[in-house]
Amino acid sequence: MAGREDGTRQRDAGAGEQVEWAAELLDHLRPAGRDVRRVVTWLAGAAEATVTLRDGTGRLLAGTRAPLDDGLLADLTSGRIASAALEDGDRHLRLVRVERVHPAPAAVLAVARERPFDRRSADIVTHTAQVVELLLAGHESAAAGHRLRRATSDLRLAILQLLMVEDTVSARRVAAGLWPGLLDTDTACVYVVESSPEERDRLAEQCLSVTEDRALVVRCPAMDGHVIVLTPRAAAGRQLRSLVGRTPGVFLGGSARQSLVRTATAYGQAVSALAVARFRPEKAAVYAERTHPERLMDPAELHGWTAHVLRPLDALPHHTRAELLATTRLGLEFTAVAAAKILGVSRNTVRARMERVEALLRTDFTDLSARATVHLALNAQVGLDQRLADGGAESPAPVRLTDLLAGPALRGWAGDLLGRLEPDTRRLRRTLRTWLAVGANAERAAQTLGVHPQTVREHVRSAEPVLERQLLAAGSDLYEVVLAHLAAGDLDQPLLHGTKPGHPDSPVHG
């Protein structure tokens with residue numbers, strides 16, 4: 001009777017002990033504890049053993065590296081046997097095959113003890129191998145999902161970069177495999193959604209969700225808080241506005257509808273509109289909501305002037321010309337570093353391409369008026385190319401820039417825009433004109449005006465909400481204000497093609 005009672009107590013103790021280690025092992029399957037290395041470490045303590053987890057190539061996945069028979073490992077990883085138990089000198093070994101997600105090679109969990117394995121330690125090894133298999137499968141599935149998401153994200157960026165350099169044929173070819181029909185369109189809008197860099201990934205997923213995965217959603221490579229969305233669907237704009245409206249700290253800028261070949265232009269418009277959105281209670285703005293100078297010019301005269309300005313590039317191979325034009329367009333909108341990130345090239349490449357354009361046009365991009373004038377020509381160039389592709393009439397004889405800017409509609413627009421600054425007693429218009437005349441250099445403007453450079457910066461910053469344009473960063477907004485000053489006669493006309501002012505055969509300069 002006493003023996004039976006002792007036996008019962010031993011079985012009860014063994015059962016309680018098993019419940020204890022099993023509970024500890026199951027804890028490692030909780031979301032907060034899913035770590036293969038921690039499980040292997042726990043096994044080493046629970047079994048009082050040295051534990052090694054290796055894959056079929058011999059790579060240590062977790063635990064302590066220990067010598068193992070290569071032939072036995074090959075039998076286990078190939079699937080010829082599922083487990084093995086043996087004595088190797090002073091060591092008692094248990095080896096268990098651990099399946100992994102294909103195509104990863106199977107792994108082997110090897111447990112070595114100085115004492116023989118009893119039932120408890122053998123059970124611990126068997127069950128731990130099952131837990132390790134689950135954790136590896138979960139980790140590898142998550143890693144595969146992450147790699148897939150990263151590859152998809154990189155592919156979206158590659159498509160955008162192809163569109164930025166006007167290679168719509170390649171962009172459509174790349175997109176067709178994963179997003180059939182996405183770029184089967186002649187026109188699209190570009191939106192830029194801004195959040196904090198920490199929230200950007202979540203925002204990108206939300207943009208994909210609200211646009212129902214029917215838009216090209218790209219994490220901007222140049223601005224950490226920006227998500228770029230290209231879509232042909234008008235509904236996407238409403239969906240993005242709704243997202244921004246209900247999400248604190250998020251802003252939206254949108255472009256006018258543009259042809260795909262003008263994606264770079266559309267992107268610049270969206271960034272410009274984003275600057276306006278920051279001043280608006282609805283936190284959203286679209287570029288087409290305001291009048292732009294090129295829309296007030298005679299289209300035929302604008303295209304004739306543009307063709308003349310860009311004629312030195314016409315002798316280049318088509319792909320080289322398109323590459324130079326697209327790079328210069330972005331380089332005038334953003335810094336060389338930002339443009340390089342957007343295009344996926346080095347900043348030296350951006351600078352070299354822009355210097356080549358500068359040399360061909362015989363102009364100086366350090367001259368702000370020259371930059372604004374070339375920017376105008378580049379924006380009008382795509383429309384000119386489309387006219388020629390459609391078999392439109394030849395452009396008329398090129399006009400001078402002064403004639404292009406002298407139309408009553410454009411002069412009226414310039415007067416109204418700059419007139420907004422007149423009521424300010426700080427004479428913001430005078431400060432702005434002086435600042436632009438010296439290449440947007442606050443120090444030089446301050447010397448001319450006899451004030452502190454910080455005063456110049458404050459005046460320019462104060463002019464931004466009045467004009468609804470971003471001035472302290474280069475881009476479309478700044479160039480529009482420069483053109484307004486040129487139309488009003490407040491700035492000297494720039495030189496292009498090396499012409500001299502007043503030359504009778506000079507249709508490019510003022």
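Q: At roughly what angle do the axes of helix H15 and helix H19 cross?
A: In this predicted model, where local features need pLDDT of at least 70, side-chain atom pairs count only at pLDDT 80 or more, and totals for chains, interfaces and linings use all residues, the axes of H15 (residues 408–419) and H19 (residues 476–487) cross at roughly 115 degrees and come within 9 Å. Residues are numbered from 1 along each chain as its sequence is written, and side-chain values use heavy atoms, with hydrogens and water left out.

Q: What does that make H15 relative to H19?
A: That angle makes H15 roughly perpendicular to H19, since angles of 65 to 115 degrees count as roughly perpendicular, those under 35 as roughly parallel, those over 145 as roughly antiparallel and the rest as oblique. Axes are lines fitted to C-alpha atoms, for helices over the stretch in contact, and angles run from 0 to 180 degrees between N-to-C directions; helices are DSSP runs (H or I, at least four residues), numbered from the N terminus.

Q: Which residues make the contact?
A: From H15 they are Leu410, Arg411, Trp413, Ala414, Leu417 and Leu418, and from H19 they are Glu480, Ala484, His485 and Ala487, where contact means heavy atoms within 4.5 Å. The residues of this contact of H15 with H19 divide into seven nonpolar, one polar and two charged, with Ala, Val, Leu, Ile, Met, Phe, Trp, Tyr, Cys and Pro counted as nonpolar, Asp, Glu, Lys and Arg as charged, and the others, Gly among them, as polar.

Q: Switching to cavities, how much space lies in the largest cavity?
A: About 80 Å³ lies in the largest cavity, a cavity being a set of points, on a 1 Å grid over the protein atoms alone, where a 1.4 Å probe fits but cannot get out. Grid points are joined across faces, edges and corners, and a volume is the space filled by probe spheres set on the points.

Q: Which element gives the most to its lining?
A: H19 gives the most to the lining of the largest cavity, with four residues, and lining residues have an atom within 4 Å of a point. The lining includes Ser476, Tyr479, Glu480 and Leu483, and its residues divide into five nonpolar, three polar and two charged.

Q: And H10, at what angle does it pack with H12?
A: H10 and H12 (residues 347–361) pack at about 105 degrees with their axes 9 Å apart, and they are therefore roughly perpendicular to each other.

Q: What about H8 and H10, roughly parallel or perpendicular?
A: H8 (residues 263–277) and H10 (residues 318–333) pack at about 10 degrees, with their axes 10 Å apart, and are therefore roughly parallel.

Conventions. Helices (H or I, at least four residues) and strands (E, at least two) are DSSP runs, numbered from the N terminus. On a 1 Å grid over the protein atoms alone, a cavity is a set of points where a 1.4 Å probe fits but cannot get out, and a pocket is an open set with protein on both sides within 12 Å along at least five of seven lines; lining residues have an atom within 4 Å of a point.
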